[in-house]
Each structure stands twice: as structure tokens, then as C-alpha cells.
Amino acid sequence: MSATAENPAASATATATTTATATAVEERVTARVISDDPLYRKVPVALRFAEAEPLAVRIVFPADLSPEGTDNEWVFPRALLEAGLQAPTGTGDVRVWPCGRVQAVVEFHSPEGVAVVQFDIAALRRFLRRTYSATR
């Protein structure tokens with residue numbers, strides 16, 4: 001899981017982009033990595049939005065999830081995240097769908113494999129509200 005949805009280049013490139021772009025909104029949340037293991041793994045995740053890229057959001061996973069030991073950043077359309085809270089959406093590297101009333105699943109596809117991560121919908125909605133407030 002070490003790529004961006006826009007550009008499956010090394011995550012170092014994506015991190016450099018984040019540093020160069022001022023973050024207008026950042027929300028720290030806990031997500032759950034879904035796997036074959038009956039116990040899920042909780043991970044801290046940063047949700048980011050920059051005014052310079054008003055149509056995009058970023059989800060940043062900690063370095064300990066990466067074989068390279070670097071943060072994993074995924075950049076994809078804010079509209080995809082928003083639509084995925086209502087109904088399944090996405091056909092490319094990032095797919096989003098609601099899972100019951102209080103959870104949403106975000107699925108990330110990269111050359112290394114697929115990661116399935118569950119978020120609280122309330123946290124994602126709060127983040128999206130803050131991104132729209134930042135662009136007013």
C-alpha cells in the first residue's frame with residue numbers, strides 16, 4: 001500500500017508533494033485494517049485537504065504499515081469519498097462504500113496488493129465538512 005491513486009509512484013514523491021502544499025485541514029482518526037485475521041488492527045490515519053487542490057483529499061497511513069518504512073499517502077477526488085458514504089463508488093485504485101449505518105470501507109489497490117480499511121462515517125463526514133468550510 002505505497003502509492004497514490006493518481007500516480008502509482010513511490011510514496012516519497014507523494015510525501016514531497018504534501019510538504020510543498022500547505023495543509024488547510026487535517027483530521028487524525030483511527031481506522032481498522034480488515035484482513036483474514038479474526039482480530040482487526042487499529043491504525044492512526046491522517047485525513048488531509050489542501051486549499052491548493054480543492055478537488056482532492058489525502059489519506060496518509062503510518063510508516064509501520066509499509067515495507068519501505070515510509071508514510072503511505074493516497075490522493076483521490078473528494079467527491080469520491082463523499083459519494084462513497086452514500087453508495088458504493090469507485091472503479092480504479094480507490095473504492096469507497098458504506099458498511100452499515102456507522103462505518104464506511106475504503107479499498108486501496110496498488111501493485112503490492114489490496115488494503116481494505118474501515119472508518120467511522122461520522123469522522124469522514126466531519127472531515128468533509130471541514131474541507132468545505134476551508135474553501136468558503
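Modeller: Here is a walk through the aromatic rings, starting from the core.

Please keep in mind that this model is predicted. In soluble globular proteins, nonpolar side chains tend to be buried together. Here, the largest nonpolar core has 27 residues, and Val45, Phe76, Phe108 and Phe119 are those with the most contacts inside it. Helix H3 (residues 121-134) gives this core its largest share, 5 residues.

Let us stay with Phe108, since the rings come next. The count of aromatic pairs is 2. A pair of aromatic rings is described by the distance of the centres and the angle of the planes. For Phe61 and Phe108 these values are 5.3 Å and 85°, an edge-to-face arrangement. This pair links distant parts of the chain, with Phe61 in strand E3 (residues 56-61) and Phe108 in strand E6 (residues 103-110), 47 residues apart. Both Phe61 and Phe108 are buried.

Now for the other partner of Phe108: Trp74 forms a tilted pair with Phe108, at 5.0 Å centre to centre and 50° between the planes. Because Trp74 lies in strand E4 (residues 72-77) and Phe108 in strand E6, the pair ties together parts that are 34 residues apart in sequence. Trp74 is buried, as is Phe108. Put together, Phe61, Trp74 and Phe108 make one aromatic cluster.

One more ring deserves a glance. The face of Tyr132 has Arg78 lying over it, 3.9 Å from the ring centre.

How values were computed
Residues are numbered from 1 along each chain as its sequence is written. This is a predicted model: local features need pLDDT of at least 70, side-chain atom pairs count only at pLDDT 80 or more; totals for chains, interfaces and linings use all residues. Side-chain values use heavy atoms; hydrogens and water are left out. A nonpolar core is a set of buried Ala, Val, Leu, Ile, Met, Phe, Trp, Tyr and Cys residues joined through side-chain atoms within 4.5 Å. Buried means under 20% relative accessible area, exposed over 50%, partly exposed in between (1.4 Å probe, protein chains only). Helices (H or I, at least four residues) and strands (E, at least two) are DSSP runs, numbered from the N terminus. Rings of Phe, Tyr and Trp (its six-membered ring) pair if their centres lie within 6.5 Å; planes under 30 degrees apart count as stacked, over 60 as edge-to-face and the rest as tilted. A charge sits over a ring if NZ of Lys or CZ of Arg is within 6 Å of the ring centre and within 35 degrees of the ring normal.
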